[in-house]
Amino acid sequence: MKKTISMLLVLALMFTLSATVFAATADITMKYDLSSNGSNDIVVQNGDVITVSYKLSASEECTVSVTQNEIYYDHNFFEFVADSNKPSDGFTDYTTTLQERLNGKRYVFFNTITTHTHGTTPAEIGTFQLKVIATSGETTVANVNAIAADLENVAYGASTQNLHVSIGSVQEQKFTATFSDGNGGVYKTLTVKAGESITLPDGPEKSGYTFTHWSIGGESTRYKAGNRYKPASDVTFTPNWTKVSTGGESTYVPTPTKKDDSLKFNTEDHFAFVNGYPDGTVKPTGDVTRAEVAAILYRVMDADCVKTYETTKCSFSDVVRGDWFNLYVATLENAGVIVDTRTNGKFRPNEAITRAELAAMLAQFADIKSAANSFNDVSARHWASDEIAVCAKMGWINGYPDGSFRPDATITRAEMMAMINRALGRTPKSADDLLSGMKTWRDNANVNAWYYLDVQEATNSHTYTKSGSHESWKKLR
């Protein structure tokens, strides 16, 4: 017997159909199945990303036009992986909407928009991904309010096989970082727990040479002494030196080795480090590129710091002489500010920078090297977890009300200005601390916007007075 079921329901119908109607009219049972890697009961670790499969079958063959379901997960246990929802073959019109419930939970709302035939064999409609942010406990990814109706809106029953997830114990894993002496021997070894970082040591001495940086295999990335590095496996570092000679034009200037206190910001001079656009806007909610951030950080570096590290020589294959950003990127790389090691030899200058990437750069200027992490979506396995924790400890970054930091989200221009202002100690408290006659922007006219003060601070040069952390402008420049 073949029946046609329409699941394109008015939302009001979804929430008003009673259990009595289901019991009285159902003669087809729809079955929904949530699983991961073929199982409805899995064990995971903090930082794991699981793929949840969503399947539908029926007690007898039928044709459905639209499915509507709410799939709940605990946002204290999982983080939804953005844009991870994928349709399965034959369901290319599948759509997902991520929403938040008042009770603090979140749900994924699924639809299929064209007609599909279902039988007793489960058909996978699509998948989505969840990242484990909890460190212990268990939870259930549950399909809630799964209902169906025929063309006359007669309701049918539905059952669900949910997905049970628990945090399991794992044997402590350790990695060894071996530092070569450059002559086939071992200079130093460091052992670290998985997810933790090491501080790269100063290099071995070599007569007639100055140590510049460490390297790994054939990578072009330079790893400066004093920087933090998080091994994902056993790794071997090779030392690199610059020859010191005094032979007229053949003289080599050695790359300076980073000192603990050599990286500093210019916190005294409050000049505009961000420019607006010709149309009178500053685009506070727009993206900012990695090259633009490199230029800004170069501008706000202490003058002695710039003098120490300034160069146009760069190892990134997509940063060459003649690029407007060459000087800025090369100098930051030489100073050890660029620590994103996932670039395969590229800086990606025109890509929008993420919150984690900016935090990692800022952390190189901090006077502390480690701190405890407090964000619920930054696991110890995240490549920038240490740098994010350091910036939070310094008071340079804030998270969101739900306790997250959203490290892999692109940062807005306003967020970037706020983070850099905090790092520079540029902190007016109210509009009364500013001055009339300052540059203003059409899209930063709301004095109650959270970013109003940060945008004005970053785009106006001025002298100032300070009382503790409270800044008041004195004169525009």
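These questions and answers concern a predicted model of a protein.

Q: How many helices and strands does the protein have?
A: The model is predicted. Its secondary structure contains both element types. The count comes to nine helices and 25 strands.

Q: What percentage of the protein's residues is buried?
A: The protein has 477 residues. Buried means under 20% relative accessible area. The buried share is 50%.

Q: Among contacts between residues at least 6 apart in sequence, what percentage join residues at least 24 apart?
A: Take the contacts in the protein between residues at least 6 apart in sequence. Then keep those that join residues at least 24 apart. That share is 73%.

Q: Which strands pair with β4, and by how many bridges?
A: Strand β4 spans residues 49–58, and seven of its 10 residues are buried. Strand β2, residues 30–35, runs antiparallel to β4. Strand β12, residues 123–132, also runs antiparallel to β4. The partners are β2, with six bridges, and β12, with eight bridges.

Q: Which residue in β12 is the bridge partner of Thr51?
A: Strands β4 and β12 are joined by bridges and run antiparallel. In β12, the partner of Thr51 is Gln129.

Q: Why does Thr331 count as buried?
A: Thr331 is found in helix α5, residues 326–334. Leaving out residues up to four places away in sequence, Thr331 touches Tyr298, Tyr309, Glu310 and Thr311. The cut-off for buried is under 20% relative accessible area. Thr331 counts as buried because its relative accessible area is 0%.

Q: Which element gives the most residues to the largest nonpolar core?
A: This core has 60 residues; Phe265, Phe273, Leu297, Leu362, Ile388 and Met416 touch the most other members. Elements that give two or more residues include α3 (290–300), α7 (385–394) and α8 (413–424). The top contributor, with eight residues, is α3.

Q: How many residues does the other core, which lies apart from the largest one, hold?
A: Ile28, Val44, Phe77 and Ile125 are among the members of this other core.

Methods:
Residues numbered from 1 in each chain as written. Predicted model: local features only at pLDDT ≥ 70, side-chain atom pairs only at ≥ 80, totals over all residues. Heavy atoms only, no water. Buried < 20%, exposed > 50% of the residue type's maximum accessible area, 1.4 Å probe, protein only. Helix = DSSP H or I, 4+ residues; strand = E, 2+ residues; numbered from the N terminus. Pairing = 2+ DSSP bridges. Contact = heavy atoms within 4.5 Å. Core = buried A, V, L, I, M, F, W, Y, C linked by side-chain atoms within 4.5 Å.
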